[in-house]
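Hi,

Here is the structure I promised to pass on.

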Amino acid sequence: MPTHSETRKLPYSAKQMYDLVADVGSYPKFLPWTAAARIKSVDDKGDHSVMDADLVISFKVFRERFTSRVALWPEQMKIDTEYLDGPFKYMKSNWAFADVEGGCEVQFFVDFEFKNAILQTLIGVVFNEAMLRVVKAFEKRAQELYG
């Protein structure tokens, strides 16, 4: 249902931004509405690794845990996330990072739908603003870490 796609040029390396996004366990330190994160497993597949992680999202009166499978592709500088369990009907997101002159280009895409119609309606009203806040939170974190 709601989708968001964005491309940003940032003054950091693709590797720095890849590492920041791949560090799912640190999300509660800086990501809006993320109350907790737990890495359940990491499986090395040779050219990539697969991480199963729980995130707890807290928004107004709602607090939901969901599990995602995160495929980390360090050579291609890509991160693909698929939903496994929780309050969504479905969810997927993709990140891609490329070095460019003066920094890197970051591409982000997310598509999801909640099972709960009330929560879906609430999120739908503020979805674009929420996604902008999420992307800004990653930018701010990069400035804190690498700036």
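Leaving aside its neighbours within four places in sequence, which residues is S49 in contact with? They are V42, D43, D44, V70, A71 and L72, where contact means heavy atoms within 4.5 Å.

Before the rest, the ground rules. This is a predicted model, so local features need pLDDT of at least 70 and side-chain atom pairs count only at pLDDT 80 or more, while totals for chains, interfaces and linings use all residues. Residues are numbered from 1 along each chain as its sequence is written, and side-chain values use heavy atoms, with hydrogens and water left out.

**The sheet**

Helices (H or I, at least four residues) and strands (E, at least two) are DSSP runs numbered from the N terminus. Two strands pair if DSSP finds at least two bridges between them. On that basis, 7 strands make an open sheet with antiparallel pairing, in the order β1-β7-β6-β5-β4-β3-β2. At the edges sit β1 (3-10) and β2, each of which pairs on one side only. From one strand to the next, the twist averages 15°; axes here are lines fitted to C-alpha atoms, for helices over the stretch in contact, and angles run from 0 to 180 degrees between N-to-C directions.

Across β1, β3, β4, β5 (78-85), β6 and β7 (103-114) lies α1, running at about 160° to β6.

**Around β3**

S49 belongs to strand β3, so let me stay there for a bit. For accessibility, buried means under 20% relative accessible area, exposed over 50%, and partly exposed in between (1.4 Å probe, protein chains only).

On one side, β3 pairs with β2 (residues 34-44) in the antiparallel sense, over 9 bridges. Two of the bridge partners: R38 goes with D54 in β3, and A36 goes with V56 in β3. The two strands form a hairpin with 4 residues between them, and G46 in that turn has a positive phi of about 95°.

β3 also runs antiparallel to β4 (residues 62-73), with 11 bridges joining them. I57 stands opposite E64 in β4. This hairpin has 2 residues between its strands, and K60 in the turn shows a positive phi of about 55°.

T67 sits in β4 and is buried, because its relative accessible area is 5%. Its side chain makes a polar contact with the side chain of D54 at 2.4 Å, and another with the side chain of R65 at 2.9 Å. (A polar contact is a pair of N or O atoms within 3.5 Å; within protein, one must be able to donate a hydrogen and the other to accept it, and residues adjacent in sequence count only if both atoms are side-chain atoms.) Not counting residues up to four places away in sequence, T67 touches K40, A53, D54, Y83, L84 and D85.

**Aromatics**

Rings of Phe, Tyr and Trp (its six-membered ring) pair if their centres lie within 6.5 Å; planes under 30 degrees apart count as stacked, over 60 as edge-to-face and the rest as tilted. The structure holds 11 such pairs. Y18 and F97 are edge-to-face, because their ring centres are 6.0 Å apart and their planes are at 85°. Since Y18 lies in helix α1 (residues 14-22) and F97 in strand β6 (residues 88-100), the pair ties together parts that are 79 residues apart in sequence. Both Y18 and F97 are buried.

Y83 and F88 make another edge-to-face pair, 5.4 Å centre to centre with 80° between the planes. Y83 counts as buried at 14% relative accessibility, and F88 is buried at 6%.

One aromatic cluster takes in Y18, Y27, F30, W95, F97, F108 and F138.

K78 lies over the face of W73, at 5.5 Å from the ring centre. The cut-offs for a charge over a ring are NZ of Lys or CZ of Arg within 6 Å of the ring centre and within 35 degrees of the ring normal.

Q143 is in helix α3 (residues 117-146) and is exposed, with a relative accessible area of 52%. The C-alpha atoms of Q143 and Y12 are separated by 8.6 Å, though the two residues are 131 residues apart along the chain.

Cheers
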